[in-house]
Amino acid sequence: MQTSAAPLNRRMITLSIMLATLMQTLDSTIANVALPHMQGTLSASQDEISWVLTSYIVAAAIATPLTGWLAARLGVKRLLAIAVSGFTVASLLCGLSETLAQIVGARLLQGLFGAALVPLSQSILLDINPRDKQPQAMAIWGVGVMVGPILGPTLGGWLTDSYNWRWVFLINLPIGAFALFGVLTYLPRSKPSARQALDFFGFITLSLAIGALQAMLDRGQQLDWFGSLEIRIEAAVALVSFVFFALHTATAGKGSFFRYELLKDSNFVTGTCFIFVIGAVMYATRALLPPMLEALMGYPVATTGLVTAPSGVGTMVAMLIAGRLVGRMDVRMMLLAGFLVSAVALYQMMGYTLVLSQSDIVWPGVIQGVGLGFVFVPLSAVTFATLAPELRADGTAIFSLMRNIGSSIGISVIQAQVTRNTQVVHASLVEHMKPANAALMQNYDLGSPSTLESLNRMVTQQASMIAYVDAFKLMFVATLCVVPLLAIVRSRRRAAGEDAPHVAMD
């Protein structure tokens, strides 16, 4: 039976699933700033403590493609309730952990249970809202998805400094409780479908490919990339597993784990490719500022969070405006405006030096946040505009997965470039520090070890700053290069008979 969600229920359902989404997206970054404190408490090395982050990322990446199959087998309401409750319990276990093994295991559970929260929330919002309200729904969903990771370091730094690192995880308990209450009370119970049994071979090969790729991207910079045996093994596993998955999908037909019907929707295919590119190009810039501010300018974690958080305000405001404009403007014009605004912000960042005021950091971040908001909402709306409702759970899972993989690749590439450019520029600057340099000899005593140490520190700072500026230049060029791809985006087509929201009921 199909029935429309009542207006009051629609508001309460939206609030409940957005709390769950915000909880999951916050946890993708909130633990980063607490790692040094965890390292001391758990008596772990720097390499070992990084698995607190890696385990979560890899587990979530592996479990995300399973969302559609689980939603079909269990029903959306039951799966969402399991995911919220499991994530909340795993957060409690993280906060109570006394050893490294315990917290890594708890983070694995967090990733496994949390993987379904973001794609399910997107799918539910599309299902319970009429077509003309879907852009506004995607704007609200986008606020949770985009603002959560931005506010994570700020909230994590405040909790760690004011209390201790355990509250980074324990803060999820009240949020999870409210979200679970709302899901159980207001979300209509969905009827499980008669979808075929799980294609274990397809799931295992895809999981190995995604898990190995994410592990390689997350640990590559730390382990010197292909100079490390671990990275070479992960790359080989990812490549071989993906080849087997592709061959299996091509020959398994309807029995395949991957819903090949998704590939028949041109809007979905275009939007998914685009979100991968956006993840690689635009998300990577968000990863540059915190280490630059803390390492080069001596900003404490709390201050870094305060000056970077306003970009989330820009994103939130832009998304709410964009949600009202979708359907009234050509989405390509909105996407073009978003990319150009982001390019303006990156152009401002290209002028960064070691002497910056806080406003020099805040305003480009706000501008970039506005640009990202005007990109994300219309893209989310047009990607699912023509997708059949029964494919939404699978589609949103793939959409989220491609966004995460794109951002992982972009961040890894940018971090590798910054590290290597710092070394190259440092070597180039040192070449000029010779006795033949009269100005240098006149102002510095090169025979003093303390003077040499001071000079080396200054050169390293300058080299790092130049490397960061070069990274911003790369992102600026890449953002402009994405603009021609707008030609393949099509304005959404209105499907007949789908103006009302539908939720499958028992």
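## Close-up views of a predicted model

**View 1. Contacts of Gln-24.** Leaving aside residues up to four places away in sequence, Gln-24 touches Tyr-56, Phe-87, Gly-114, Leu-117 and Val-118. The model shown here, as in every view below, is predicted. Gln-24 sits in helix 1, which covers residues 7-26. Its relative accessibility is 11%, so Gln-24 counts as buried. Two of these partners return in later views. Tyr-56 is one of the buried residues of helix 4. Phe-87 belongs to the helix 6 side of the contact with helix 11.

**View 2. The whole chain, for orientation.** The protein chain has 506 residues, of which 53% count as buried. Its secondary structure comes to 23 helices and two strands. Take the contacts between residues at least 6 apart in sequence: 85% of them join residues at least 24 apart.

**View 3. Helix 4, a mostly covered helix.** Helix 4 spans residues 51-63. From first C-alpha to last, its 13 residues reach 18 Å, close to the 18 Å expected at 1.5 Å a residue. Ten of the 13 residues are buried. Among them are Val-52, Leu-53, Val-58 and the alanines Ala-59, Ala-60, Ala-61 and Ala-63. Thr-54, Ser-55 and Tyr-56 are buried as well. Tyr-56 is also a contact of Gln-24.

**View 4. Helix 6 against helix 11.** Helix 6 (residues 76-96) packs on helix 11 (residues 172-186) at an angle of about 165°. The axes lie 9 Å apart. An angle over 145° counts as roughly antiparallel, so helix 6 and helix 11 are roughly antiparallel to each other. Their crossing is left-handed. Helix 6 contributes Lys-77, Leu-80, Ala-81, Val-84, Ser-85, Phe-87, Thr-88, Ser-91 and Leu-92 to the contact. Helix 11 contributes Asn-172, Leu-173, Gly-176, Ala-179, Leu-180, Val-183 and Leu-184. By class, the residues of this contact divide into ten nonpolar, five polar and one charged.

View 5. Lys-77 lies in helix 6 and takes part in the contact with helix 11. Buried means under 20% relative accessible area; at 17%, Lys-77 therefore counts as buried. Beyond residues up to four places away in sequence, Lys-77 touches Val-183, Leu-184, Leu-187, Pro-188, Arg-189 and Ser-190. Of these partners, Val-183 and Leu-184 are listed on the helix 11 side of the contact. Leu-120 is 43 residues from Lys-77 along the chain, and their C-alpha atoms are separated by 9.5 Å.

**View 6. Ser-241 in helix 13.** Ser-241 is found in helix 13, residues 229-252. The residue is buried, with a relative accessible area of 8%. Its contacts, not counting residues up to four places away in sequence, are Thr-205, Leu-208 and Ala-209.

**View 7. Helix 19 crossing helix 20.** Helix 19 (residues 331-349) and helix 20 (residues 358-383) have axes that come within 8 Å and cross at roughly 155°. That angle makes helix 19 roughly antiparallel to helix 20. Helix 19 passes helix 20 in a left-handed crossing. The helix 19 side of the contact includes Val-331, Met-334, Leu-335, Gly-338, Phe-339 and Met-349. The helix 20 side includes Pro-364, Gly-365, Ile-367, Phe-374, Pro-378 and Val-382. The contact residues divide into 17 nonpolar, six polar and no charged.

**View 8. Helix 20 along its length.** Helix 20 has 26 residues and reaches 37 Å from its first C-alpha to its last. Helix 20 is mostly covered, with 20 of its 26 residues buried.

**View 9. Arg-392 in helix 21.** Arg-392 has its place in helix 21, residues 392-430. Its relative accessibility is 5%, so Arg-392 counts as buried. Not counting residues up to four places away in sequence, Arg-392 touches Ser-123, Leu-126, Asp-127, Gln-134 and Leu-387. Pro-119 is 273 residues away along the chain, yet the C-alpha atoms of Pro-119 and Arg-392 are separated by 8.8 Å.

Conventions:
Residues numbered from 1 in each chain as written. Predicted model: local features only at pLDDT ≥ 70, side-chain atom pairs only at ≥ 80, totals over all residues. Heavy atoms only, no water. Axes fitted to C-alpha atoms, helices over the stretch in contact; angles between N-to-C directions. Helix = DSSP H or I, 4+ residues; strand = E, 2+ residues; numbered from the N terminus. Parallel < 35°, antiparallel > 145°, perpendicular 65-115°, else oblique. Left-handed = near helix turned anticlockwise from the far one by under 90°. Contact = heavy atoms within 4.5 Å. Nonpolar A, V, L, I, M, F, W, Y, C, P; charged D, E, K, R; others polar. Expected span 1.5 Å × (residues − 1). Buried < 20%, exposed > 50% of the residue type's maximum accessible area, 1.4 Å probe, protein only.
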